[in-house]
Amino acid sequence: MSAEDTMPIGFEEHDHKACVAHALAAAEDRCIAEGLRLTPVRRKVLELLLREHRALGAYAILDLLRDAGFGSQPPVAYRALDFLAENGLVHKIERLNAFVACAHPGENHSPAFMICRLCDAVAEAHSTPAKDALGDAARAAGFQIEKTVVEAEGVCPSCVGKANA
């Protein structure tokens, strides 16, 4: 894993329009290659999460979908989120009971999230639970780790000044 692979994605300055367009195109290509249906509502949910670069709850997503003309019934948002999560295009942030677009779609990875307690911005980094103390403890107990959720709460670079004020 290179140093670039360990850098968190989500707090740095970047061309946001190009970021969203590239991620949507990659998701569409992946769905075509794997025979998955990226329906208009699924695509819109992914686009909303990509545009925000922060975690959104299902009801916030539902409000945005309704504003975009996609209906207002909760199953609309939940079905789209389930599909996107099952296929590695979004992650659930347990602490916030919300979802964020995956920064590394298509990669087999264990994400670790840094969540700003002031603005709910989320950055995603790679985690290696099988190689750290948790992995050592699991091996000692004969336990096989299948999934981990690593979430760190703190203050993002944009909010540092607000936290100290």
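**View 1. Helix H4 against helix H5 in the predicted model.** Helix H4 (residues 58-67) and helix H5 (residues 74-86) approach one another with their axes within 9 Å, crossing at roughly 110°. That angle makes H4 roughly perpendicular to H5, since angles of 65 to 115 degrees are placed in that class. The crossing in which H4 passes H5 is right-handed. The structure shown here is a predicted model.

**View 2. Residues at the contact of H4 with H5.** On the H4 side, the residues that take part are Ala 58, Tyr 59, Ile 61, Leu 62 and Leu 65. They meet Pro 74, Val 76, Ala 77, Tyr 78 and Leu 81 of H5. Sorted by class, this contact has ten nonpolar residues, with no polar and no charged residues.

**View 3. Helix H3 against helix H5.** Two packed helices are described by the angle between their axes and the distance between the axes. For helix H3 (residues 40-52) and H5, the angle is about 80° and the axes lie 9 Å apart. H3 and H5 are therefore roughly perpendicular to each other.

**View 4. Residues at the contact of H3 with H5.** H3 contributes Val 41, Arg 42, Val 45, Leu 46 and Leu 49. Their partners in H5 are Val 76, Ala 80, Leu 81, Phe 83 and Leu 84. By class, the contact of H3 with H5 has nine nonpolar residues, no polar residues and one charged residue.

**View 5. Glu 47 in helix H3.** Glu 47 is located in helix H3. Its relative accessibility is 17%, so Glu 47 counts as buried, the cut-off being under 20% relative accessible area. Leaving aside residues up to four places away in sequence, Glu 47 touches Val 20 and Leu 24.

**View 6. Asn 97 in the loop between strands S1 and S2.** Asn 97 lies in the loop that runs between strand S1 (90-93) and strand S2 (98-101). Although Asn 97 is not a glycine, it has a positive phi of about 50°.

**View 7. Asp 120 in the loop between strands S3 and S4.** The loop between strand S3 (110-116) and strand S4 (122-127) holds Asp 120. The phi of Asp 120 is near 65°, a positive value in a residue other than glycine. With a relative accessible area of 27%, Asp 120 is partly exposed.

How values were computed
Residues numbered from 1 in each chain as written. Predicted model: local features only at pLDDT ≥ 70, side-chain atom pairs only at ≥ 80, totals over all residues. Heavy atoms only, no water. Axes fitted to C-alpha atoms, helices over the stretch in contact; angles between N-to-C directions. Helix = DSSP H or I, 4+ residues; strand = E, 2+ residues; numbered from the N terminus. Parallel < 35°, antiparallel > 145°, perpendicular 65-115°, else oblique. Left-handed = near helix turned anticlockwise from the far one by under 90°. Contact = heavy atoms within 4.5 Å. Nonpolar A, V, L, I, M, F, W, Y, C, P; charged D, E, K, R; others polar. Buried < 20%, exposed > 50% of the residue type's maximum accessible area, 1.4 Å probe, protein only.
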